[in-house]
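Reader: Hey, I've got a protein open on my screen and I'm a bit lost. Can you walk me through some of its charged pairs and its surface?

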Amino acid sequence: MPDKKIIAFVLYPGVTLLDAIGPYTALRGVPDIEVRFVAHEVGPVPDDSTQLYLSATHTFYETPDPAVIVVPGSGIATDAAIADTGLIEWLQRTAQSAQWVTSVCTGSVILAAAGLLEGRAATSHWGYLSRLEAFGIEARPDDRIVEDGRFVTAAGVSAGIDFGLWLAARLSDELTAKSIQLMMEYDPQPPFDSGHMSKAEADVIEKVFTDLAALTAP
């Protein structure tokens with residue numbers, strides 16, 4: 001029996017939980033894969049609220065050759081993750097042989113900082129697209145998933161679920177991915193239509209920018 005493909009979800013303090021748990025919920029149903037949550041040490045890693053935790057199952061050292069790398073984003077800790085030399089070096093090493101190098105939300109900014117998206121197109125949370133452009137990357141604000149070769153980036157937070165199903169189809173087949181979607185009962189019908197900058201009303205956008213400013217204030 002062939003070895004299972006390892007999907008490595010990168011964890012770091014301040015990670016946004018849904019960025020990881022959304023695609024994980026889709027991908028865990030793919031046959032012949034092993035999901036790992038990887039960090040510097042095995043054990044609990046706090047999320048961006050500091051009230052919840054994900055548990056790292058393996059260290060970076062124990063996961064030298066994953067088939068799939070998934071880098072979740074963060075609302076507050078993206079720069080701290082970029083400054084984490086060990087994390088960045090692990091990404092640079094493992095990306096050389098990985099079948100898929102992927103991200104959700106600001107995880108793409110971390111990939112960009114590692115030099116892995118140079119000359120490529122990518123997306124991220126709308127609030128961080130300018131960060132991608134600063135790295136010389138073609139930012140695509142209207143795309144929920146951007147595939148550029150074996151590098152795949154998903155937009156903000158909830159886009160991770162769409163990405164997880166997209167990747168499930170490529171790691172297995174469309175029937176499997178559709179079955180996973182049905183098992184999840186993923187049939188989104190949001191009560192409001194303000195999930196993209198092109199749709200949100202002016203007062204909603206103003207409030208979001210006010211709230212973001214308060215979050216980042218010293």
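Predicted model: local features only at pLDDT ≥ 70, side-chain atom pairs only at ≥ 80, totals over all residues.

Reader: Ok, which residue does Arg120 form a salt bridge with?

Author: That's Asp148, and the closest N and O atoms are 3.3 Å apart. Arg120 sits in the loop between helix H4 (107-113) and E8, while Asp148 is in strand E10 (residues 145-148), so the pair ties together parts that are 28 residues apart in sequence.

Reader: How many salt bridges turn up in the whole structure?

Author: A search finds nine. One of them joins Asp162 and Arg144, with the closest N and O atoms 2.5 Å apart. Asp162 is in helix H6 (residues 159-171) and Arg144 in the loop between strand E9 (138-139) and E10, so this pair links parts 18 residues apart in sequence. There's also a network, where salt bridges with shared partners join Glu138, Arg140 and Asp143.

Reader: What about Arg36, buried or exposed?

Author: Arg36 is buried, because its relative accessible area is 11% and buried means under 20%. The Arg36 side chain meets that of Glu34 in a salt bridge (2.8 Å, N to O).

Reader: New topic: which residues make the nonpolar surface patch?

Author: Trp126, Met197, Val204, Val208, Phe209, Leu212 and Leu215 make a patch of about 570 Å². Trp126 is in the loop between strand E8 (121-122) and helix H5 (129-134), and is partly exposed at 31% relative accessible area.

Conventions: Residues numbered from 1 in each chain as written. Heavy atoms only, no water. Patch = residues over 30% accessible without salt bridge, like charges linked within 9 Å, V, L, I, M, F, W, Y side chains within 5 Å. Areas by Shrake-Rupley, 256 points an atom, 1.4 Å probe, with all protein chains shown as cover. Salt bridge = Lys/Arg side-chain N within 4 Å of Asp/Glu carboxyl O. Helix = DSSP H or I, 4+ residues; strand = E, 2+ residues; numbered from the N terminus. Buried < 20%, exposed > 50% of the residue type's maximum accessible area, 1.4 Å probe, protein only.
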